[in-house]
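Hello,

Here is the structure I promised to pass on. My notes follow below it.

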Amino acid sequence: MRKLNLNFYYRNLLLVFIVTCLPMAIIAASNYYIVVSQIENEVKQNHRLQLEQIYSNMEKQLTRLKVIGNQWVFNPLFIGELLTGDLRQNSESTRELFVSLRTLKQTNSLIDNAVLYLQKNHLVISDEEGIVTLEEEPTQQVFQKLLEERSNLFWWEQPISPLKYKSKVQVALVHKVTGLVSAPSGAIILYLDKSQMDDMLVSLNLDGQGVAFILNNDGSWITSGRRLSEEPLPLDEAVREAVLDQGRSSDDFIFKRGKISYSVTVGELSRDGWKVVVATPLTKLTAPVVLVSKLGLAVSMIGLLVAIGLSLFASRSIYRPVKNLVGMFREPVSSSAAPLDKNDEFLFIESKWRKTLQESLLMNVKLEQNRQSLKEGFLLQLIQGHLYFFSEEELKEKMALHGWHAEDKGFAIILVRMDGITDDHGKFYEGDEQLATFAAVNISQDLLSSLGEDAEVINFYDLSFAILLSYPSERPKEQVKRDLFHLSRELIDILTRFTQLRFTVGVGKLEYRAQDIHKSLAEAREALRFRDLDKNEQILDMDNVLPQGAVPVNYPFDTENAIIQSMKMGMEKEAVRQLERFVQQLKQSQGKEMLFQQGMLQLLGSILHALLRSGVYSAALNRNGNLFEQLSGIKVPEEMLRWMRTHIIEPYAEELSNTREKMMRQIVSKVIESIHELYPTPISLESCADTYGITSYNLSKEFKQFTGTNFIDYLTNVRLDKAKELLSTTDMKMNDIAERVGYQPSYFMRIFKKAEGITPGNYRERHGKGSSFESPR
C-alpha cells in the first residue's frame with residue numbers, strides 16, 4: 001500500500017496561516033504607501049503656498065525697484081550740465097551726485113550698489129569709490145552695448161563691475177539716462193543684494209538639508225539661496241540639472257539622489273521669467289512611517305509563526321477523519337503500476353470521481369448510439385424483407401423492444417426521393433448527397449414529431465429515405481390513404497422550402513402484417529419509376545400510375561447513330577451535342593422515368609456494341625466498373641446526361657486522342673502493305689479509307705505525314721518501280737507489263753515517260769538484258 005501525500009492539507013493549512021496574518025501585513029503596507037503619499041502631497045502643497053507668497057513678495061520688490069529706477073532717471077541731477085560737463089571741476093554737483101546715489105541705494109533693501117555710467121569720457125560713478133574712468137577698451141564696449149539696447153529698462157545678465165565692488169548676483173537692473181536729448185548718454189545700474197534675495201528663500205529651506213534657489217529664464221544662476229556660500233553646492237547643481245531636464249516652468253516632481261528622495265517644486269515669476277526651485281528631502285519626513293510599517297510587518301511574521309505552531313497541533317485532530325476517508329478511496333498499487341497523483345488527496349478523490357462519472361456518461365452515450373444503430377439496422381432489414389425467417393409474432397416482439405407497439409396496427413411506407421442537387425440555384429453541390437439526405441431526414445423527423453405521428457425515418461444515404469408509419473388496423477383504408485397523401489404534401493412543402501431541391505414521394509400499399517412491410521416499400525419504389533420528368537414535386541401511388549393500354553415507343557435512332565459516329569471519329573464536342581439532343585428527344589417522347597431510363601440503357605448498349613464491332617473499343621470504359629448498374633441507379637435526366645458525358649464520351653475521347661497517332665500509324669502501314677500487294681488492281685484512297693473505317697481526307701493527311709508523299713504518288717512510284725523491274729529483267733510485251741502493274745497501255749506509256757523522261761522501250765534498251773548501260777541505283 002502506497003502512502004498518499006497530504007499536500008492539499010499542508011498547502012491549505014499554510015493558506016490559513018497567511019490569511020490570518022495577511023490583514024496586519026496589508027495594513028502595514030497600506031499605511032506606508034498611503035501615509036508617504038499623503039506626506040508628499042502635503043509637502044508639495046506647502047511648497048506651492050510658500051512659493052506663492054515669495055512670488056508675491058519678490059514681484060512687489062522687483063516692481064518697486066523698477067519704479068524707483070524710473071523715478072531717479074528723471075532726477076535733475078542726471079540731466080543738463082552734469083551729463084555734458086566735467087564732474088571733476090564741479091565739486092558741488094559731484095557731491096550732490098554721490099549723495100543721490102547713496103540715497104538711491106538706501107531706498108530699497110534689494111539694492112546692493114547703485115552706479116552711474118556716463119558715455120562721455122567713459123566714467124563710472126559710485127558713492128563709495130567716486131569717479132572711475134574705464135581705460136580698457138573691452139570694458140568700454142560692454143558698457144556701450146548697454147546704451148544700444150532697445151528698451152530703456154532691462155535686466156543685465158552676467159553683469160560686470162570695473163570697481164572694487166563685485167556683484168554676487170548674476171543680474172542687475174539697468175535704467176538708461178537720456179537727459180534733454182533722445183539718445184541715451186548714460187545709465188543707472190542697480191546691482192542686487194544676494195543676502196536680501198537669500199533671505200526671501202530661507203523660509204523654504206530652514207534646516208539647510210534641501211535647496212531653494214532662483215534661476216534665470218535660460219537656466220543660469222541668479223542666486224543659490226545659500227548666504228554662507230557664493231558658489232552652488234553639488235546638490236544645488238543636481239536639482240538644477242533635473243529641472244532643466246524636465247523642461248518644466250511650473251510643476252512638481254520627485255527627484256532621487258542616492259538613497260534620498262526630494263520633493264521638487266518649480267514656480268515661475270510672471271514678469272521676468274525667473275524660476276524659483278524648492279527641493280525638500282522626503283526620506284527624513286517618512287522615516288517614522290517606515291519604522292511603523294516595518295514593525296507591523298515584523299509583528300505579522302511573528303503572529304504567523306505562532307499561528308503555524310498552534311494550528312499544526314490543533315488541525316491534526318480535526319483533519320484525521322478526512323485522512324481516513326482518503327484511505328478508504330485509495331486503491332492498492334502494485335510495484336509495476338504508475339504512481340498515484342501526488343498533488344493532493346482531494347485531487348485524487350476528484351479524479352476518481354470524474355473518471356467514474358466520465359465512464360458512466362460514455363457508457364450511456366455508447367448504449368444510446370448502439371440502441372439507435374440496432375434500431376436503424378432492424379428497421380432497414382425489416383422494410384427490405386431480410387427478416388423473412390422470423391414469424392409474425394417474433395417480428396412484433398422485436399418491434400416492441402425498439403419502442404413500437406405493433407399489435408392491432410397496420411403499416412405503410414412513404415418513399416421520398418430528392419433530385420436537382422446539381423442545379424445552380426440549390427443550397428447543395430455535387431458531392432453533398434449524404435449531407436443533403438441527412439438534412440432532409442432530420443427535417444422529416446422534426447415534422448413527424450411535431451405532428452405526433454407514430455413513424456420512423458430510415459435513411460438510405462443515396463438521396464432517398466423511407467418513412468415507416470403505423471396506424472390502427474380498424475381505420476378505413478380510404479382515410480389512411482388521405483392521411484398519407486396529406487402528410488406527403490406537407491413533407492414536400494417543408495423540404496422544398498428548406499433544401500431548394502426537387503422531391504418525389506412514392507406511397508406504398510397498406511399492409512397489416514409485419515412480414516409484408518417490405519412489399520409496401522417495393523411498391524413505393526415501383527411507383528417512383530412512373531415519375532413525370534417534366535414535374536418537380538409529385539406524389540405517386542401504384543393505384544393511379546399504371547398505364548392504360550399500350551405505350552407508343554418513339555426512340556431517336558438517328559441521333560443515336562450520330563453519337564456513335566462522332567465518337568468513332570474522335571469528335572468529342574459533336575458527340576456531346578448529339579447526346580444532349582438525344583436526351584431532349586427521349587425526354588419529350590418518353591415522359592415517364594422508367595421509359596426514359598430504359599431508353600438511356602438502350603443508348604449505352606448501342607454505343608458499347610458499336611465500339612466493340614469497330615475494333616476500337618476503349619479499355620478506359622472497363623475501368624469504370626459495371627456501367628449498366630451505375631446508369632440504372634441514376635433517376636434524373638440531367639444527371640444521366642452528365643454521367644454519359646463523364647463516364648463514356650470523355651474517357652473514350654481521351655484515350656482515342658492518346659492512341660490516335662499509334663492507330664493511324666498502324667493504318668498507314670496496313671495501307672502501304674495493301675498498295676504493295678494490290679497495286680495491279682484498281683486500288684484507291686477511298687477504298688482503303690472504307691476498309692479501315694476512316695475518311696479519305698484523314699487517311700490522305702495521315703499518309704502524307706508519315707510517308708512524305710501523297711497516296712497517288714506513292715502508288716504510282718510502286719507501280720513504276722515494278723514496271724522498271726519487269727522491263728529490265730523480262731521479255732514481256734509492253735501491253736502485258738502495263739496490265740501487270742495496273743495501267744492501260746496508252747496511259748502507261750504517258751505516265752512512264754513523264755516520270756522517267758524516256759519511253760518504256762528506250763528504258764528496256766538501256767537497262768534490259770545484254771545492255772551496256774549500268775542499272776541506276
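This is a predicted model: local features need pLDDT of at least 70, side-chain atom pairs count only at pLDDT 80 or more; totals for chains, interfaces and linings use all residues.

Strand 12 (residues 409-419) and strand 14 (residues 464-472) run antiparallel, joined by nine bridges. Helices (H or I, at least four residues) and strands (E, at least two) are DSSP runs, numbered from the N terminus.

Residues are numbered from 1 along each chain as its sequence is written, and side-chain values use heavy atoms, with hydrogens and water left out.

Both strands belong to an open sheet of five, in the order 13-14-12-15-16, with mixed pairing. The edges are strand 13 (455-459) and strand 16 (538-541), each pairing on one side only. Two strands pair if DSSP finds at least two bridges between them. Neighbouring strands here are turned by 20° on average, direction ignored. Axes are lines fitted to C-alpha atoms, for helices over the stretch in contact (heavy atoms within 4.5 Å). Angles run from 0 to 180 degrees between N-to-C directions.

Two helices lie across this sheet. Helix 11 (residues 477-499) lies across strands 12, 14, 15 and 16, at about 165° to strand 15.

Elsewhere, Thr681 sits in the loop between helix 18 (637-678) and helix 19 (685-692). Its C-alpha atom is 9.0 Å from that of Tyr743, 62 residues apart along the chain.

Best wishes
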